[in-house]
Amino acid sequence: MTAPVTAGAAARTGNPPRGAARRRRKRGTSSWAVRAPLLPALVFVIAVTQLPFVATLVLSLFDWNAFHPGGRRFIGLDNYAAVLGDTAVRDAVVTTTVLTASVVAAALVLGLALALLLDRRFPGRALVRTMLITPFLLVPVAAALLWKHLLLNPEYGLLNGALTWAARLVGDGDAPQPDWISTAPLIAVGTALVWQWTPFMMLIVLAGLRSRSPESMEAARMDGASEAQIFRYLTLPHLRRYLELGALLGSVHIVQNFDAVFTITSGSLGTANLPYTVYQIFYQAHEYGQASAAGVLVVLGSLVIAAVALRVVSSLLRGEASRG
């Protein structure tokens, strides 16, 4: 009889029972004990990511040229207006958009084809899969140097060597030796990026293929559906969210690509994308304020793409959970 009376009195006075309050305090203490080891990592992440962004945000509001350090002054949003009105920045936006869209589309198609190949059983499949993944594991600068010097060099590159070899097979000793980087610079940069990012798309699509329902595939075959019909009406709709995920994650990374542009063309011949233009403003023009404003705009654009990517990932995980 004592407990109901105490609970009723606590309800009338608005104070929780002592036992419930003690349990809540105990749960709060135990939850903090579990989270405490993660606190140094949280502080480190904030220190190396958020504080530099806040500093960049502050710098973007100042007129600050390294050649005139005494003339530093607060100018508000004028740097953003200057960046948005800069012809070089607008050209860089177009170059970034074209490069990102073409690389993602080509890598996605090639990744889908390779994933369909690896989804079938054949001797040496594990070795082939390892070799196909290798380009994605290379350091980006090393991959760009490989394409610039080993493959595309007009004097000793493998591509021109293959043209010479093919011409000699047909009795032509004067094979063309084009300078691929000078004649098609954006295609040269894009090809190197497609080569490096196709394995990433392949892995995502391969994960989607492995999550298909084997029962539905077998039922379709028993009903007389051809492989082309199974791919069109079963496989492709099932892979839709995986393809969207690969496209969005690839876009987030390729928009920020700097290594290939810097290494292969040094931003010349119309290949300067947004990250390289920010580099030029900061390190060559020494306009720290304008470079910071351009960097903030690039980050905001990347955040928009990342937000869409996160929504797709969440949808994908909810779909997998509902099937499980």
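Let's start where helix 11 meets helix 12. From helix 11 come Ser216, Met217, Ala220 and Arg221. Facing them in helix 12 are Glu227, Ile230, Leu234 and Thr235. By class, this contact has four nonpolar, two polar and two charged residues. Keep in mind that the model is predicted.

How are the two helices placed? Helix 11 covers residues 214-222, and helix 12 covers residues 227-255. They pack at an angle of about 140°, and their axes are 11 Å apart. Angles over 145 degrees would count as roughly antiparallel. Helix 11 and helix 12 are therefore oblique to each other. The crossing of helix 11 past helix 12 is right-handed.

Now the nonpolar core. The largest one has 40 residues. Val189, Leu193, Val205 and Leu239 have the most contacts inside it. Which elements give two or more residues to this core? They are helix 5 (87-118), helix 7 (140-151), helix 10 (185-210), helix 12 and helix 13 (259-264). Helix 10 gives the most, with 13 residues.

Setting aside residues up to four places away in sequence, Val189 touches Leu99, Ala260, Val261, Ile264 and Thr265.

There is also a second, separate core, of twelve residues. Val83, Val89, Ala92 and Val298 are among them.

Last stop, Ser292. Ser292 sits in helix 15, residues 288-323. Is Ser292 buried or exposed? Its relative accessible area is 6%, so Ser292 is buried. What does Ser292 contact beyond its neighbours within four places in sequence? Thr56, Leu59 and Ser60.

How values were computed:
Residues are numbered from 1 along each chain as its sequence is written. This is a predicted model: local features need pLDDT of at least 70, side-chain atom pairs count only at pLDDT 80 or more; totals for chains, interfaces and linings use all residues. Side-chain values use heavy atoms; hydrogens and water are left out. Axes are lines fitted to C-alpha atoms, for helices over the stretch in contact, and angles run from 0 to 180 degrees between N-to-C directions. Helices (H or I, at least four residues) and strands (E, at least two) are DSSP runs, numbered from the N terminus. Angles under 35 degrees count as roughly parallel, over 145 as roughly antiparallel, 65 to 115 as roughly perpendicular and the rest as oblique. A crossing is left-handed if the near helix is turned anticlockwise from the far one by less than a right angle, and right-handed if clockwise. Contact means heavy atoms within 4.5 Å. Ala, Val, Leu, Ile, Met, Phe, Trp, Tyr, Cys and Pro count as nonpolar, Asp, Glu, Lys and Arg as charged, and the others, Gly among them, as polar. Buried means under 20% relative accessible area, exposed over 50%, partly exposed in between (1.4 Å probe, protein chains only). A nonpolar core is a set of buried Ala, Val, Leu, Ile, Met, Phe, Trp, Tyr and Cys residues joined through side-chain atoms within 4.5 Å.
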